[in-house]
Amino acid sequence: MGIFHTHVVLPLSEPERYSGLPGRLRQIGKFERMSEKQQQKIQLDRLRALLEHAYTTVPYYRKQFDDAGFHPRQARIDRPLPLPVLTWEHLRASEAWLISTACPPEKLRVTASSGNTRVPIRFYRDIEGIRDKVALKLKLDEWSGIKPGDSSMMLWGTGSSAKRESNWKWRMDEGVFMRQTPPPPGTIAPQDLERWQFRYEKQRPTVLAGRATVLAAFAAYLMEHGVRHRPHAVIATAEVLSPLHRQLLVSAFKSEPFNQYGRRDVGMIAAECSEHEGLHFHPWGSYVEFDPVGNSPDGIVYRLLVTDLLNYGQPFIRYDTGDCVTLTDQTCSCGRWFPLAGRIVGRLADGVVRANGAVVPGIALTNSPTPMPRPFLPILPIKGARKRPANAPRRKNWAMSA
Ligand SMILES: [Zn+2]
């Protein structure tokens with residue numbers, strides 16, 4: 001199913017997203033087969049190209065680069081970029097100044113941030129960037145042992161996408177061509193879980209994917225009522241996958257779930273490989289920096305800064321995702337040198353139980369148009385802020401703000 005899907009079915013069914021997919025997948029595949037040194041050289045070239053593009057065509061960055069006395073050819077991937085952080089407030093206030101003048105309006109696509117902890121905002125991507133991100137997501141899925149076209153069922157547990165899901169074309173693309181069952185909308189009431197179980201046992205999906213809290217609730221329900229099918233892979237995303245939820249998924253499905261990290265503003269950029277030793281940030285899609293901000297029971301906490309290497313329409317450079325991660329000292333057994341986060345800790349969103357017993361995924365609440373307070377994080381400030389902690393793991397390929 002894989003090659004036929006990526007080379008024929010998807011490009012013909014939805015060229016907006018899948019045009020040129022075989023070539024894009026080939027490029028990433030070739031990159032993944034290169035040596036560590038070659039990959040780092042290519043990542044640096046791609047970083048400098050993106051920075052050069054931003055400097056010459058984006059008024060906001062032109063000023064920021066000049067103020068910092070920085071030129072794109074000075075960029076390195078073993079140290080932080082000497083540029084200010086791009087914040088959510090910048091995106092909100094400087095929209096017109098952040099769009100590349102070289103990108104014609106008809107090549108731009110607008111979307112809204114997930115607003116995981118804040119009010120959603122608009123941002124733009126160029127169409128080629130969207131297609132590159134789709135290809136990268138499919139490559140990251142391959143790490144879970146799945147292929148495009150594998151039957152999959154998604155569980156989000158919110159009604160936020162109900163409008164899109166009522167669109168017949170969307171349902172056709174997702175259901176027929178991608179072989180994905182659209183995520184059932186609504187909160188997680190016992191009757192929902194029963195309905196999902198019926199659909200799950202009828203479809204017997206190869207892949208079960210969704211929000212961690214929703215997957216965990218479904219796994220707990222199945223364990224209580226009988227697990228009659230086990231998918232080849234379980235993929236948890238959009239929320240923190242807590243150790244408790246991971247254990248629950250292992251107990252129900254008898255295999256380790258794959259955690260993936262992505263956001264609407266920068267796309268899917270990190271995933272677990274088959275070794276399950278942390279999340280690798282794929283250097284084809286982004287250049288990430290880890291800025292130490294505090295301590296937690298799991299070790300030092302870093303805020304995640306992302307430079308998106310795939311969006312030339314509205315470049316994101318040193319973008320403060322608002323998410324925090326812990327790092328691991330270990331090198332993953334798979335041998336990849338890619339930056340490895342032990343855990344994503346900044347998007348923790350437990351489910352909220354309503355009086356009627358229904359569960360609302362915590363992160364869904366923050367998609368409300370009403371501003372929500374930032375979630376509490378057990379982060380303690382580091383003395384002498386911005387100084388690199390003495391016990392921070394040292395990796396020559398990881399940039400750390402100092
Ligand atoms: Zn690995």
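Predicted model: local features only at pLDDT ≥ 70, side-chain atom pairs only at ≥ 80, totals over all residues.
## The zinc site

Start with the metal. The zinc ion is held by four donor atoms: SG of C273, NE2 of H280, SG of C332 and SG of C334. Their distances to the zinc ion run from 2.1 to 2.3 Å. The angles between the four donor atoms are 104 to 118°, which makes the arrangement tetrahedral. For four tetrahedral donors, the ideal angle at a metal is 109.5 degrees.

Now look along the sequence. The donor residues follow the spacing C-x6-H-x51-C-x1-C. H280 and C332 are 52 residues apart, and the pair links distant parts of the chain. H280 belongs to strand β9, residues 279–281. C332 belongs to the loop between β12 and β13, where β13 covers residues 340–344.

C334 counts as partly exposed, because its relative accessibility is 30%.

## Cysteines away from the metal

How many disulfides does the structure hold? The count is zero. C103 is one cysteine to look at here. C103 is buried, because its relative accessible area is 12%, under the 20% cut-off.

## Salt bridges

Side chains of opposite charge can pair when their charged atoms come close. This structure holds 23 salt bridges.

| Salt bridge | N to O distance |
|---|---|
| K139 and E142 | 3.3 Å |
| E256 and R246 | 2.7 Å |
| D323 and R263 | 2.9 Å |

Take K139 and E142. Both lie in helix α7, residues 127–142. They are three residues apart, about one turn of the helix. K139 is buried, because its relative accessible area is 11%. E142 is partly exposed, because its relative accessibility is 42%.

Next come E256 and R246, whose side chains form a salt bridge at 2.7 Å. E256 sits in the loop between α12 and β7 (258–263), and R246 sits in helix α12, so the pair ties together parts that are 10 residues apart in sequence. E256 is partly exposed, because its relative accessible area is 36%. R246 is buried, because its relative accessibility is 19%.

D323 lies in strand β12 and R263 in strand β7, so the pair ties together parts that are 60 residues apart in sequence. Are these two residues buried or exposed? D323 is buried, because its relative accessible area is 1%. R263 is buried too, because its relative accessibility is 6%.

Some salt bridges share partners. Such bridges join R24, E128, R131 and D132 into one network.

A238 is placed in the loop between β6 (233–237) and α12 (243–253). A238 is buried, because its relative accessibility is 18%.

R318 is in the loop between β11 (299–308) and β12 (319–327). R318 is buried, because its relative accessibility is 6%.

## A contact across sequence

R211 is part of strand β5, residues 207–211. R211 is buried, because its relative accessibility is 9%. How far apart are R211 and L241? In sequence, they are 30 residues apart. In space, their C-alpha atoms are 8.5 Å apart.

## A nonpolar patch

The last stop is the surface. Which residues make the nonpolar surface patch of about 320 Å²? They are F4, V8 and L12. F4 lies in helix α1, residues 2–13. F4 counts as exposed, because its relative accessibility is 52%, over the 50% cut-off.

How values were computed
Residues numbered from 1 in each chain as written. Heavy atoms only, no water. Patch = residues over 30% accessible without salt bridge, like charges linked within 9 Å, V, L, I, M, F, W, Y side chains within 5 Å. Areas by Shrake-Rupley, 256 points an atom, 1.4 Å probe, with all protein chains shown as cover. Salt bridge = Lys/Arg side-chain N within 4 Å of Asp/Glu carboxyl O. Helix = DSSP H or I, 4+ residues; strand = E, 2+ residues; numbered from the N terminus. Buried < 20%, exposed > 50% of the residue type's maximum accessible area, 1.4 Å probe, protein only. Donors = N, O, S within 2.8 Å, 3.2 Å for Na, K, Ca; no water. Tetrahedral: all angles 85-135°; square planar, octahedral: opposite > 155°, others 65-115°. Disulfide = S-S within 2.5 Å.
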